[in-house]
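Here is a short report on a structure. Please look over the chains before reading on.

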Amino acid sequence: MDFGFVLSQILTGLSSASSLFLIASGLTIIFGVTRIVNFAHGSLYMLGAYCAYTATESLMAILGSSLGFWVGILLTAVFVGLIGLFLEFFLLRWLYKSPELFQLLATFGVVLIVQDLVPFLWGGEDLLGPRAPGFKGAIEILGWSFPRYELFMILIGPCIWGGLWLLFHKTRWGILVRAATEDRETVATLGINQAWLFRSVLFLGAFLAGLAGALQLPKEPANSLMDINIIAEAFVVTVIGGMGSVTGAFLAALLIGLLQAFGILIFPKITLVFIFLVMAFVLMIRPNGLLGKYQTVETYSKQNEGPHDLTFITLPRIFITLGVCALLPLGLGDFEIFVLTEILVFALFAFSLNFLMGFGGMISFGHAAYFGLGAYAAALMTHHFQAGLPLALFASPILPLIAAALFGWFCTRMSGVYLAMLTLAFAQILWSIAFQWVALTGGDNGLIGIWPPKILSDRLLFYYFALSLIGFVFILLYKITLSPFGLLLRAARDSSKRLSADGVHVGHLRWAAFLIAGASAGLAGGLYSFAKGSIDPHILSIPLSVDGLSMVLMGGIQTLLGPLMGSAALTFLKTTVMSLTENWRFFMGSAIVFLVLVFPRGLVGSLIHVFALRKAARSEKTERSS
Amino acid sequence: MYKFSSAHVAALLVAVSVLWAVVFSVHHAAADDLKLGDLNSYSRFPTFTEPYRKGWKLKLEEINQAGGLLGKKLDVETRDDGANTSDAVRVAEELVSRENVKLLFGTMLSNTGLALADFAQQKEIIFIAAEPLSDALTLEKGNQFTFRVRPSTYTQTAMLVDVAKKLGKKRWAIVAPNYEYGQSAAKAFKALVTEHMPDAEIVAEQYPALGKIDAGATVQALLLEKPDAIFNVLFGGDLAKFLREGEDRTLFKDREVVSLLTGEPEWIDSFKEEAPVGWLVTGYPWHEIQDPAHKAFQEAYQNRWDEKPHLGSLVGYITLSIIAEAIEKAGSLETEAMISALKDLELETPIGKILVRKEDHQATMGAWVGRTKIQNGLGVMSDWHYAPAEDYMISAEDAAKKRPAP
């Protein structure tokens, strides 16, 4: 390896670091001030690339290639910034008062909408944009050709970083934004108009995402997979840097860019999993990222007053619910029963996630890891050991249990978004293993031929089989929630410091909750693979984790029956819309946005809230009359 | 403070009951029609799947204008497969149990293709895989209900190696996306190199993540080993990034590149005037094929849809042609009769005579091999020839050995 090559590889790493920083800076700024985990940031980036294509194409014809290109890039960034503003105005600002995760769910709805909007507006083909005028071709560095545009990209990163530093440290606006990042309430008390502060921050963040997308155009054609491909990486860089820290994001981007450039020389197959390994490693050493500050606010404090149905749900009522579930499939066809089975299976998945989130106070962005592992455990038992359904289903919670023990040990050391991001990292690592270990898992083709035995091959019988298992686990989870352990867990969620002071080992409590949630999700996964007959790495992926989150949130976090309602709503919606139209992502996204706006406590949560209001009104009346 | 009103409850109830009514009450199935179900990744990969759908729709209209099949109208229900196996299986279940379709066809991704093949076996219904390339579909994972139209990864790699071996290059590099298709293409290439180019060696291998190539670093890593020639499996956005970086960093200067699928209009069109020049590729030179049968197809397609045919169009057209021919031969859509009709089915298509082999249920549709060039601002193929699949696919005896016992 000669020196010229090493230098050239370093420059390549620096260039990709710049790209990463551009996309991550906007994300981290938005999070720092508004606490919104913006899943739609990748969509803004994609819109940036598409808009830049249209803008440069038309402007280069009018203004000449050089001026037209750069004006086009700038206009695009401003335009995408305005889209961010639009999102804030019509969607996000209505959600500042609902639980934090609702904003995440809303932005996920936006992701789905944009995914269908883009092919509608620009067509399905990849759009290869122009090369940057003035930066075509390459220069020679010690015998190695190096593209001029990459050199330009290397410069743009530090420029943006410097510009942001000046903006945040030398302008009044920047000082206010930093103050709001530190302590929102105090800033509000001082009479600062927070709404406009938030709005301008969203504009800036979206502007940066648009700029990142537009500047990507000379390197990559605008295509409809850009959003999904970038979002995980953007999160990783943001988290490694420390959420909210621009300088941290800059350092993290450098770290990732350089490690990646040399990593692929040594391990060419490691590309998929690489950045997640780096993230897990960094978080283990620095639980708040490189430059992140310790989160002073307890993440769940705002939701602790949220509605719950623990007093409403009793064992007889659970049996009535199960009875209704048993009556539902009568008289329906195979397909409808199949959908009902899916609803039940996802309900168990959502129950387990809700146990972790709603009662344990630990947000997981990677719960699909346990669901998927359970499914793979069952499928692998069937495939490699010719085990029957009982043995395969028995194995399905065990593998996730082991994984949960391992991951939980690391995750329970952190809190809030960092915990969520670490769960995401672990899920992505498992996903990459399933994706790449073709000999064992079949790679992206997955495993097929996982059917229940003849006796259960009838869809109705399988439904009852699943119902009895899931009902049993649900009652178990219900009992655990109400047990002393469950009470302690909720106490740890509401005030972990006080509980620690009382001599309870909060870490162990949370770890146990991880194990329980992991094993139940695993059983759901096992049932799922037998219901479908085949699985692929999709069931370990981010979209499935988000599905789980959506179900919990749509149903009502902290409620026992919420997950069932959420699963029913989401699965039913998807099934219906998918059989009616190919633009199902658009309608799903719109439906999620609609539900989030109309039922900010989730379906069951809102219902309980109404009951509570009625009850309060009634007791007030009786008090007055007496 | 947020107030919750009974209007919200009412809205929810109305929404749910409307949905319930739409989904669970409408049964469209008329029992005596010839009804088929098609599913593909229409919303995720429209570039490839829309031409495919236009292809079979053209054939469907031709059939019904000519009076249908067996005196009945042919009907096709079409759905999005969600581009993953779990959605695909649910949609297939819907097509089979609610729409009462008697046969499934479609898919382009290997994972949905394999999952549906398995589903077909479980449900004892025929599945004609149109576009998935995975070799396993008709070999290790093959079953008696599943048939495939397009030539597999191995077959297309073999077509390329047959031309590549004449280049006399010794030092080869491989770049392939890191998933099953990329890995099996690389594996097939390595095996074929050992067999046909004994003095050649593989000096570099790069497997960037699908859709996430770090193109600059990948190009550098290849340059480091100074290969004489490159075998490329990248496509789509990854290939576009790789092309620009490789061009700037002189990767392609004085090097032969042999590339899978790159000559298909679906992929090469998006590169416009920056399409690679002089690469050896498989693809579809639709504008130059002079065969009268193909000319007729091309004109009919362009008249009907007002756009040029893509490879997907041809695959869609041939897929439905195979099904229609089998229905005529079987005299019904009954599964048993259809399976025996499909085995050793021979038919005339726009690209000549095609056979559905009885040993591995694979159609002998071939591919075109040639060098790329730029013409009118678009990449096209030149010096091409049609590579008949029969000459390159795994032999019928070997295929039969690889398939699981029925």
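In which sense do strand β10 (residues 280–283) of chain B and strand β13 (residues 367–375) of chain B pair, and over how many bridges? The pairing is antiparallel and runs over four bridges. The model is predicted, and the report should be read that way.

β13(B) and β14(B) make a hairpin. Two residues lie between the strands. In the turn, B:Asn376 has a positive phi of about 50°. B:Gln375 stands opposite B:Leu378 of β14(B). As a general point, strands of a sheet pair through backbone hydrogen bonds, either parallel or antiparallel.

## The parallel sheet in chain B

Chain B also holds an open sheet of five strands. Their order is β2-β1-β3-β4-β5, and the pairing is parallel. Two strands sit at the edges: β2 (74–80) and β5 (146–148) of chain B. Each of these pairs on one side only. Neighbouring strands of the sheet are turned by 20° against each other on average, with direction ignored.

Look at one pair in detail. Strand β1 (residues 34–40) of chain B runs parallel to β2(B), and seven bridges join them. B:Leu34 has B:Leu74 of β2(B) as its bridge partner.

## Two crossing helices in chain B

Two packed helices are described by the angle between their axes and the distance between the axes. Take helix α11 (residues 311–330) and helix α12 (residues 335–342), both of chain B. Their axes come within 8 Å and cross at roughly 115°. α11(B) is therefore roughly perpendicular to α12(B). The crossing is right-handed.

Which residues of α11(B) and α12(B) make the contact? α11(B) supplies B:Ala326, B:Lys329 and B:Ala330. α12(B) supplies B:Ala337, B:Met338, B:Ala341 and B:Leu342. By class, the contact of α11(B) with α12(B) has six nonpolar residues, no polar ones and one charged.

## Two domains in chain A

Now turn to chain A. It is divided into domain 1 (3–285) and domain 2 (314–611). The C-alpha centres of domain 1 and domain 2 of chain A lie 32 Å apart. The two domains touch: 32 residues of domain 1 of chain A are in contact with 31 residues of domain 2 of chain A.

Which elements give two or more residues to the side of domain 1 of chain A that touches domain 2 of chain A? They are α4 (100–122), α9 (226–241) and α11 (271–285) of chain A. The largest share, 13 residues, comes from α4(A). This side of domain 1 of chain A has 27 nonpolar, three polar and two charged residues.

## Where chain A meets chain B

How many residues does each chain bring to the contact? Chain A gives 69 residues and chain B gives 68 residues. On the side of chain A that touches chain B, the largest share comes from helix α1 (residues 3–34) of chain A, with six residues.

The class make-up of that side of chain A is 27 nonpolar, 27 polar and 15 charged residues. The size of an interface is often given as the accessible area lost when the parts come together. Here the description rests on residues in contact.

Conventions
Residues are numbered from 1 along each chain as its sequence is written. Chains are lettered from A and ligands numbered from 1 in the order in which they are written. This is a predicted model: local features need pLDDT of at least 70, side-chain atom pairs count only at pLDDT 80 or more; totals for chains, interfaces and linings use all residues. Two residues are in contact if their C-beta atoms, placed from the backbone, lie within 7 Å. Ala, Val, Leu, Ile, Met, Phe, Trp, Tyr, Cys and Pro count as nonpolar, Asp, Glu, Lys and Arg as charged, and the others, Gly among them, as polar. Two strands pair if DSSP finds at least two bridges between them. Axes are lines fitted to C-alpha atoms, for helices over the stretch in contact, and angles run from 0 to 180 degrees between N-to-C directions. Angles under 35 degrees count as roughly parallel, over 145 as roughly antiparallel, 65 to 115 as roughly perpendicular and the rest as oblique. A crossing is left-handed if the near helix is turned anticlockwise from the far one by less than a right angle, and right-handed if clockwise. Domain bounds come from an automatic or database domain assignment.
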